[in-house]
Structures are given as C-alpha cells and as structure tokens.
Amino acid sequence: MIPRVKTFVRGLDEIMDGGIPEGSVVLLLGKPGTMKSSIAYSIIYKNVEEAGRKALYVSLEQSASSLIENMGGMGFAPPGVDSNLSVLDLGLLRKKMTQLTQQAWIEIFRMYILNLKSNFNFDLLVIDSLPVLEMLAKFKEPRDELFQLFEWLRDLKVTTFLIHEETGGSMSYGEDFLADGIIHLDLRREMNAVNLFLSIMKMRRTNHRRGYFPLIFEHGNFEIVTD
Ligand SMILES: Nc1ncnc2c1ncn2[C@@H]1O[C@H](COP(=O)(O)OP(=O)(O)OP(=O)(O)O)[C@@H](O)[C@H]1O
Ligand SMILES: [Mg+2]
C-alpha cells in the first residue's frame, strides 16, 4: 500500500484511493479567484490539525499577513508561534532581492527551503505560485531548469502543492508533464450563477475518478459533490 496524504476535502479522498501519494508534486491549477490558495491552505491546515503533519506555505504572491488574514476569514485560525504550520513570506525577500543576479534568486530560494527542512522538518509544502517563482528565477533554459526544480522537490521527500495560474493556452514549459498530479479548479457560469468545479486531471499511482465535481465551501470545510 502506498502511503497517502489526505486532502480532507470531503468526498475527494474517497474517489482517489484515499489521497495523494506521499512525495508527489501536485499542480493546483485554476483561473484567478478559483480558491486555489484557500484549498491548498485547507489541505495543509487539516493535515496539521488532524494528521499530525508539519507544513510550510511559501507565499510569493501575497504577504503572509494578508494570506493569514484571508484564511482567518474562512475559519482557519492563525498559526501560533509553535505551530506545525508555518507561512513563509517571500514577498519581502522578493522586494529586497531585485538587484541580485538572476541565478542567485533560485539558489537562495532553495537554500531557504533546505534550511527550513532541516530545522522544521515539514512534510507538506505549498508554493504559491509557480508562475511567480518562474518569473523571479528568470530561467535561461526554462524546460531544463524546471525539470531540475521538480527533481529537487522530489528529493526533498515532501508532498508539494504548486499553485498554477490557468491562462487558456498550454503550460509554458511542460509543467503538466512534469507534475505527478494535477487538480483543476474551474469556474462555470450557469445562468446567473457562477459555480466552482474540481477535477483530478491526473494523479500518478492512483485509480481516481474522472469528471468535474461541484466544489463547495461550508462551515470551514471543502466538499465535492459526487452523487
Ligand atoms: N469565507 C469565504 N467563504 C467562501 N468563499 C470565500 C470566502 N472568502 C473568500 N471567498 C472566495 O474565495 C475567493 C478567493 O480565494 P483564493 O484567494 O483562495 O483564490 P485564488 O484562486 O488563490 O485567487 P488568486 O488568483 O487571487 O490567487 C474570493 O474571491 C471569494 O470568492
Ligand atoms: Mg491565490
């Protein structure tokens, strides 16, 4: 049996053999406002609270305080000092490092993460978002360097969620081929209502159901409707 990480999204683990295989690198893909950050945060929050895991959320788009405030509004209590959930604000680093050479940024990013891995030993990692990381890293050989990044993430021996913006076209550098799993969040307009749907587009080593399932958020819990 493959050890798996539960998403704690009601209905979802049941349709994918109980969860995401540990050590996977999973893309969370969706257009702006499709609750990518919220669902990623919910997954790690509940794994910390209910499964005794440790998690690191790396926020490159939003400051840590604004993210924590948003998540507070959804019912997720802010992490305390000794919490097993840590939010790393690379926005600050981002501001300070604009003058550094291009190579340096990704090196420093990796160093940061490795350092936290040895001190805090997290087993779940969220990077919000991959396009911002790519932009900051200014890869010269994007396909090659992205491949290296995915390999590096796998070597960390953690389960990683990479948040990715959906842009309509195909992905810039083959991220979809590199990832072990892709969870797609989609907005659909039905008459005047706009509803959210979730689909597991791919999940290696997993017998998962296909299809788009309505995604709802209620009383601090995400849930998919699978009839
Ligand atoms: N308490 C809440 N309950 C339900 N939905 C909420 C709540 N608070 C915010 N939302 C919805 O969640 C959306 C934002 O979620 P989130 O920031 O996770 O999305 P995102 O996909 O990460 O967005 P972005 O593209 O800006 O990064 C808001 O636009 C709002 O529609
Ligand atoms: Mg977001």
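Helices here are DSSP runs of H or I with at least four residues, numbered from the N terminus. With that in hand, a quick tour of this predicted model: helix α1, residues 36-51, is the top contributor to the shell around ligand 1, giving three residues. The protein as a whole has seven helices and 11 strands. Its radius of gyration is 17 Å, close to the 17 Å from the globule rule for 227 residues, so the protein is as compact as a globular protein of that length.

**Around ligand 1**
- The shell consists of Gly30, Pro32, Gly33, Thr34, Met35, Lys36, Ser37, Ser38, Gly73, Met74 and Phe217.
- By type, that shell splits into six polar residues, four nonpolar and one charged.

**The big picture**
- Laid along the principal axes, the C-alpha atoms take up a box of roughly 50 × 45 × 40 Å.
- Buried residues make up 35% of the 227 in the protein.
- If you look at contacts with a separation of 6 or more, 71% of them link residues 24 or more positions apart.

**The sheet**
- Nine strands line up as β5-β4-β6-β7-β3-β8-β9-β10-β11, giving an open sheet with mixed pairing.
- At the edges sit β5 (85-89) and β11 (221-224), each of which pairs on one side only.
- On average, neighbouring strands in this sheet are turned by 25° against each other, ignoring direction.
- One parallel pair is β4 (residues 55-59) with β6 (residues 124-128), joined over five bridges.
- Within that pair, tyrosine 57 has valine 126 in β6 as its bridge partner.

**Helices lying on strands**
- Helix α2, residues 64-73, lies across β4 and β5, and runs at about 135° to β5.
- Helix α5, residues 130-137, lies across β6 and β7 (159-165), and its angle to β7 is about 85°.

**The β10-β11 end**
- Strand β10, residues 213-218, pairs with β11 in the antiparallel sense over four bridges.
- The two strands make a hairpin with two residues between them, and histidine 219 in the turn has a positive phi of about 50°.

Notes: Residues numbered from 1 in each chain as written. Chains lettered and ligands numbered in written order. Predicted model: local features only at pLDDT ≥ 70, side-chain atom pairs only at ≥ 80, totals over all residues. Near = placed C-beta within 6 Å. Nonpolar A, V, L, I, M, F, W, Y, C, P; charged D, E, K, R; others polar. Pairing = 2+ DSSP bridges. Axes fitted to C-alpha atoms, helices over the stretch in contact; angles between N-to-C directions. Contact = placed C-beta atoms within 7 Å. Rg over C-alpha atoms; globule rule 2.2 N^0.38 Å. Buried ≥ 20, exposed ≤ 12 C-beta atoms within 10 Å, placed from the backbone.
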